[in-house]
Amino acid sequence: MVRKIRLSTTPTPQALAELKLGDIVYLDGLMYTAREGVYMRALEEQANIPMELPSESAANFHCSPAATINPDGSFTLGAVTATASFRFAKWIGEWFAKSGAKLVIGKGGMSPETYREHFVPNGAIYLTTVGYGTGALLGRGVENVEAVHWADELGMAQAMWVLKCNQMGPFIVASDLAGNCLFERENKKTAPSLSAAYQGTRPATMKRYGETDDRTDEVI
Amino acid sequence: MIAIDLIRSTAETLMDKAAIEIPDDYLDGLKATAAEEDGDLSSFVLQAMLENYEVAKEDRRAMCGDTGCPRWFVKMGNEARVEGGPIALEEALRRATAEATNGVPLRPNRVHPLWRTDHNNNVGIGAPEIEYGFEPGGDWIDLITVHKGGLFGTDYRMLFPSDGIEGIKRFYLDSLAAFGKRGLACQPAIIGIGLGGSKDTCMVLGKRAACLRTVGDRNPDPKIAELELEFTEIGNSIGMGPMGFVGKSMVIDCHIEVGYCHTGGMQMSVHAFCLSSRRACARVWGDGRVEYRTDPDWFTPYQRRETVDWPETAVAAE
């Protein structure tokens with residue numbers, strides 16, 4: 001059976017230490033969205049981050065919500081779904097140093113190497129969204145849109161949305177403080193049955209250049 | 001004459017329905033799959049998805065925050081005339097896409113590939129895609145919108161007759177595993193396979209097989225129908241479920257479409273529609289009637305015809 005746990009978006013080291021791979025988590029507190037746009041602006045262009053991190057929030061969501069900024073400046077927020085996190089590996093180390101994030105939330109987790117190199121030294125864990133498309137459930141967990149930063153500079157999809165969460169979830173613990181990786185564990189378990197399904201199939205007659213790193217390979 | 005205002009308002013309603021309401025055929029298929037699933041985490045994910053569909057309808061909130069790439073398939077009966085012609089029709093569909101982006105709301109996903117310009121309305125160069133088909137008879141136009149994810153779950157490979165069914169199976173498994181790991185394909189999904197055509201039409205066939213056929217529908221060629229069932233079963237036997245967790249819910253259904261190809265080749269494409277399977281359709285008639293449905297009914301005998309002419313039309317015209 002799965003275990004369900006409520007967690008603050010500014011979690012204590014003790015609370016994080018108790019989390020196990022596969023635990024189901026619901027979040028309370030402020031979280032912010034940051035993906036390639038925010039990383040490039042904050043890290044490469046060295047723009048000042050417009051909120052106090054990590055005291056206001058230690059939860060970085062790889063997301064852009066389906067939302068509208070109304071003419072009066074208020075927000076209408078619909079569904080909320082994460083985007084695939086592995087693409088952001090090149091920025092995550094520097095982002096930890098700058099933001100003090102303890103929770104990285106997104107789609108599909110990151111590599112075991114990224115966990116060992118960047119998450120473990122920073123005492124951070126990864127939470128994956130479920131499905132991936134529990135957008136309506138997660139949208140319901142957002143009590144309020146507190147602010148949208150850099151909307152003019154980055155556009156709505158890449159802007160830094162600050163969301164107030166109330167039992168927002170579900171999320172699944174995909175890495176722990178020791179750097180163990182849920183997806184790596186599951187992939188190892190599925191490998192034997194996957195191998196069995198390949199029995200009797202044949203590799204394509206024409207190979208693709210680039211499937212090997214050997215540039216002298218006679219690819220045909 | 002089909003009124004242009006009716007086309008636009010119907011298109012806006014369709015954008016809303018596609019984003020919010022899970023089609024019944026997919027929902028029934030997923031429920032049947034969920035009943036069989038025994039992996040702990042996989043079962044949890046499927047239950048969360050089922051709950052998500054309910055919440056979406058209750059709140060009139062999109063099922064998924066990632067709108068994908070909204071697109072249109074338009075099919076016209078041979079007798080249909082649209083007020084203002086095809087230019088007005090395209091403007092109506094582009095406007096409906098923009099309006100719904102702010103209205104539902106949907107995520108403004110579409111940006112320029114290089115300059116990342118975002119008009120915040122899912123409209124831009126070539127966006128939304130609008131594709132056309134025609135059907136004998138009928139003073140009606142079918143509007144079909146599909147909001148398919150845009151990044152993962154799709155691949156193409158040039159195979160040859162010598163690769164055979166074993167080669168097709170191999171590439172199918174490669175694609176399922178590549179995008180199924182960590183759940184990037186947002187499975188369990190309807191898988192569409194395109195065989196033949198040329199590179200571009202092979203991709204089109206596979207995409208349409210995934211997005212424009214309903215769960216349980218079978219190809220009229222009995223041998224292809226058999227392959228569809230076999231591939232569904234194979235997909236569910238690789239030990240992988242939703243999010244790549246241990247499980248057996250990978251493929252809700254598999255649809256295969258074929259097109260005549262170069263005598264030396266056997267092009268193949270694989271497409272995974274996602275957990276939200278966002279599609280909605282309506283038929284708008286010249287007399288002002290509008291009928292909503294979830295089955296695009298795209299692949300009619302006429303669309304799959306092999307002959308030069310279409311004898312049924314000749315008979316009807318007499």
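Which residues does A:Leu127 touch, not counting residues up to four places away in sequence? I looked this up and found A:Val25, A:Leu103, A:Ile105, A:Phe171, A:Ile172, A:Val173 and A:Ala174. I count a contact when two C-beta atoms, placed from the backbone, lie within 7 Å.

**Ground rules.** I am reading a predicted model, in which local features need pLDDT of at least 70 and side-chain atom pairs count only at pLDDT 80 or more, while totals for chains, interfaces and linings use all residues. Residues are numbered from 1 along each chain as its sequence is written, and chains are lettered from A and ligands numbered from 1 in the order in which they are written.

**Confidence.** I noted ipTM 0.90 and pTM 0.93 for the model. Chain B has a mean pLDDT (the predictor's confidence in each residue, from 0 to 100) of 95, and 98% of its residues reach 70 or more.

**Core.** I went back to A:Leu127 and found that the largest nonpolar core has 141 residues, where A:Leu127, B:Ala62, B:Met63, B:Leu143 and B:Ala189 touch the most other members. Strand 9 of chain A gives the most to this core, namely nine residues. Such a core is a set of buried Ala, Val, Leu, Ile, Met, Phe, Trp, Tyr and Cys residues joined through C-beta atoms within 7 Å. Buried means that 20 or more other C-beta atoms lie within 10 Å of a residue's own, these atoms being placed from the backbone.

**Helix 3 of chain B.** Helices (H or I, at least four residues) and strands (E, at least two) are DSSP runs, numbered from the N terminus. I listed its buried residues, among them B:Leu41, B:Phe44, B:Met49 and B:Tyr53. Their cover includes strand 2, helix 5 and strand 9 of chain A, as well as helix 1 and helix 2 of chain B. Just after this helix, B:Arg60 has a positive phi of about 50°.

**Sheet in chain B.** I traced an open sheet of four strands, ordered 4-7-5-6, with mixed pairing. Strands pair if DSSP finds at least two bridges between them. B:Gly192 has B:His271 as its bridge partner in strand 7 of chain B.

Key
Buried ≥ 20, exposed ≤ 12 C-beta atoms within 10 Å, placed from the backbone.
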